[in-house]
Amino acid sequence: MPKKLVVKEHFCPHCKEEFHTLQGMRSHIAQVAKCHEKAEAEARASPPSSPDIPSSSDDSNKGYEVEDPLGVGLEYNTTQPSPVPQHHKRPYIEEAEDDSVNNTTSAYDPNWLYEQVYPRPAGVPIRHCQSFFEEYRSKQKAEGMEPWEPFASEDEWELARWLMESGASQGKIDSFLRLNKEQIRNDVKPGFRNKRAFFQYIDRLPRGPAFSCTPMHVVGDLKDKDGKKCTETLELWHRDILECIKELMGNPSFKEHQAYAPVRQFREMKDSIPYNRQYSEMWTGNWWWEVQDQLPNGATVAPIILASDETQLSTFSGDKKAWPLYLTVGNIEKCVRRKPTSRAWILLGYIPVSSLECFSKERRSVEGCQLFHDCVKKMLQPLIEKGIQATEMGCSDGFIRSIYALLAAYIADYPEQCRIACCRENSCPQCNVKPRDRGEWKPRSSVYRDPEDVIATLAKQSQGYHPQKFIDQNLRPLNPFWKDLPLCNIFDSMTPDLLHQMHKGVFSDHTSKWARSSVENGDNEIDARFCAMPTHPSLRHFKNGISGVTQWTGGEYQSMAKVFLGTVVGAADDGVVRAIRCVKDYMYYAHFESHCDQSLEAMEASWGGFHKEKQVFIDLGIRKQFNIPKMHNAGYRASNKRKYMVQMTVWLRRQEAVQRFASYLQWAVPGYIAELTGEEEADNEDEDEEEAEEEDQDITEYKVAKRPPLRGTVTSIEKDYDADWFIWYLNEFFTDYSIDRANGDPLTNDTVFPIYKQIRLSLPSLPEALSENQIDVVHATHAEPEVWTWKGLTPAKPALTSTVLVRVGTNDPSKGPLHGLQAARVYLLFRLPLHIGSYPHPLAYVRWFKPFNSAPVEDSLLFKLSYSTRMRERHCSIIPVTRIMQTCHLYLNFGRSVNPLWTSHQILDQAPSFYLNPYLRHRDFYLFRYQVHLFLKAKEDFAREIQRKRARRA
């Protein structure tokens, strides 16, 4: 069978121009104005009215058909979907069942997802099979072995596992001390007495795909003293890629987290037509659907995701490097795939790193790139040899399927993307935009690269023809690894490098510096604003500003960006503020884990807004042009450093064997739970916690210490926590919540209350930010003075008072997304003593901010806040913590220049007004920027519709 699928020629439906590839036809429609306008007109055409829904007396197994503007024929399922989807001749729509991970009620309306199932059989099981776990357990039973074999007991296995995973750090020693105390008391006598015997036990564990070494012979252009060309032999350590895919597809740990067929999901339905399509998992996107069209009925796609990054191994000195290439498959849910503890990524191999001294200096760069392509091609050779042929593989659900393993995505940083695309680093790795046009919005020269065209151009260049396209496309003379891969468009497969291209590149290295240059007193003014910025537990506070930071980490880039807009509002030109806000919005939209048509439209609008506003930097004399490439789009330390690559592969296979065996025991032994390593435990000073009552589903879930760590009288509370009129506000709470105090003791200044330092809220999940930490900590502590003890000086601690959003009423969408919420500052967290009154939840003493306006301020699109007052006194209340929805962060309204007396610890008492920060977390951006965007857009659309109606009447 040929290696590549022969596809029929494609024709543009609007001008009948012929194309060899589907991608070429799509690029033509997107870039030719007449065809693009016709395509948009067809998409906008209103669908005909839908027929009546059949009555319940009709055949319940039949759906009813409506005409579909997309021309594919949608069939709507009006019955409860069966667990095993039926295969229809046409796609059909069904309502997806609720699940705990994708809780649509917490993210958007309506409360359903509508799924359009692929119209032909896809992902069809062939026959039943045993998983690796089942086969291994059957073998053990047949030989009369316990699940722990080769270990004598669970305790011996746990000790071996800890020894294997321990790095002998303080954290691991602490982990050892927290092992089963009975195990230590009983003096486990393991069968291994030294490291050699220990590793013999480890090597008896079942293992995954093995490593092999392939020599890579490189012949240079330099000659040795004998006149012969210099050569170098490098070691390529790699695994069989098909065996790695089998390991992932058949892992029983992923049984509930795999998909085998594409679907289309929609968030809304109108007139029986779904719209606002959602893109979340790989099987909900276009790529899988389109590839499935080119495969036989019943085929199962295994979308391969590769990731590589050159890594420095030696620290401070030395030049030891490794270039690992990792692999996973898109069948696994992304929330599982991205967790290190899930072991959903497999090391495919190590690309050798060499200075290639057998080549002259001017040749080393291009020969190094070619070596990269040759090594990756060698590792992907089984895919090339297979071509468009299926491989039967057992899947995690216990069925064998016909698997078509196809390269779908490649994760790499920007320089490596250019190396993969065979273009120079001043080019875009995905399109042919000319260098002079890289700073433009939708440049005319930005045409997507066509793989077949690039391969033909590189072939002509290698044959000495020197085609003009080679220069126009800014290519490098390479033989790419991807040229023979089946159904592969490498230029569509490369993912954005958000850290280097956006956070570090576009924002930190460029737009933030331009904005600082536009401010009077420049860095000094911005540094002062960073110093005075209010703190938040999830933010790094730059107490000395940012101009003096010489070495930035990825976390520091993100912390700086989260508050940067607040530092330029009032100090910079309004156009600069709008430009910075658009860049920040684009970055946060790019971080969404689940997109829909509306969010993609908002994302494109934010990037277009930046290009609209960037002229301000030229007008201010800061820039002359925007020709910026990035604007366009521990095994070594465990070895003895000698032949470290061999030792790293051995070390890695042993680690994988231990992790694999731990997963097996969780499956085979009821009640056994292997504590996963690799995830940081949350910092929790209140170890013993109690949870909120779960029978009330309308309250915010929280955890609080079972035993409040502090106690205080009313007098000390009012003094230490600045909780003025505490008894008065508490009586007001009793009245508002109808709490009967007929048998309670009277409130006096000596009444003692239990006090908490913090409460941990459990936030509802958002599909757009599923992997974000959903634990939100509300702090309320009093200031502590400087103290001298026998240990030395204990520095003073300022009070910690969290700013929060409180639910004060039912949200009315017509009044904005923040309607029904009000900001407050928490001064005290406490509980009612039983002798005073009975209330099931802790209480909070808060100071209110004024209610939000329905629309944000212009330019920055931030919501302005100031403290609320009653009778010229500060407005406070005592509320249940269940009304607190989440914490929030406030920017200062600095004005034209910062007040030198303001400090970050006292700024909430010193400043007269603030702005709500929408960039604190991705959930904050979703709630306070994206939802606001949709609200304002809906108002604009409504106003335009009114104008059109008035124009028609006139």
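Reader: Where does His 875 lie, and is His 875 buried or exposed?
Author: This is a predicted model, in which local features need pLDDT of at least 70, side-chain atom pairs count only at pLDDT 80 or more, and totals for chains, interfaces and linings use all residues. Residues are numbered from 1 along each chain as its sequence is written, and side-chain values use heavy atoms, with hydrogens and water left out. His 875 sits in the loop between E33 and strand E34 (876-880), where helices (H or I, at least four residues) and strands (E, at least two) are DSSP runs numbered from the N terminus. Buried means under 20% relative accessible area, exposed over 50%, and partly exposed in between (1.4 Å probe, protein chains only), so with a relative accessible area of 16% His 875 is buried.

Reader: Which residues is His 875 in contact with, leaving aside its neighbours within four places in sequence?
Author: Contact means heavy atoms within 4.5 Å. With those neighbours left aside, His 875 is in contact with Val 846, Arg 847, Trp 848, Ser 868, Thr 869 and Arg 870.

Reader: What is phi of Met 871, and is Met 871 buried or exposed?
Author: Most residues other than glycine have a negative phi. Met 871 is found in the loop between strand E32 (869-870) and strand E33 (873-874). Its relative accessible area is 82%, so Met 871 is exposed. Phi of Met 871 is positive, near 55 degrees.

Reader: Where is His 466 found, and what is its phi?
Author: His 466 is found in the loop between helix H14 (451-462) and helix H15 (468-472). His 466 is exposed, because its relative accessible area is 57%. Although His 466 is not a glycine, its phi is positive, about 50 degrees.

Reader: At what angle do H20 and helix H27 pack?
Author: Axes are lines fitted to C-alpha atoms, for helices over the stretch in contact, and angles run from 0 to 180 degrees between N-to-C directions. The contact is made by Arg 581, Asp 585, Tyr 588 and Tyr 589 of H20 and His 922, Phe 925, Arg 929, Tyr 930 and His 933 of H27. The axes of H20 and H27 (residues 922-953) are 11 Å apart, and the angle is about 120 degrees.

Reader: How far apart are the axes of helix H18 and helix H19?
Author: Two packed helices are described by the angle between their axes and the distance between the axes. The contact involves Ile 526, Arg 529 and Phe 530 of H18, and residues of H19 including Met 560 and Phe 564. H18 (residues 522-532) and H19 (residues 554-568) pack at about 115 degrees, and their axes are 10 Å apart.

Reader: How many disulfides are there?
Author: A disulfide is a covalent bond between the sulfur atoms of two cysteines, and here a disulfide is a pair of cysteine sulfur atoms within 2.5 Å. Cys 431 is in no disulfide, and the nearest cysteine sulfur, that of Cys 428, is 3.6 Å away. By this rule the number of disulfides is zero.

Reader: Is Ser 360 buried or exposed?
Author: Ser 360 is found in the loop between E15 and helix H11 (361-379). With neighbours within four places in sequence left aside, Ser 360 is in contact with Asp 221 and Leu 222. The relative accessible area of Ser 360 is 11%, so Ser 360 is buried.
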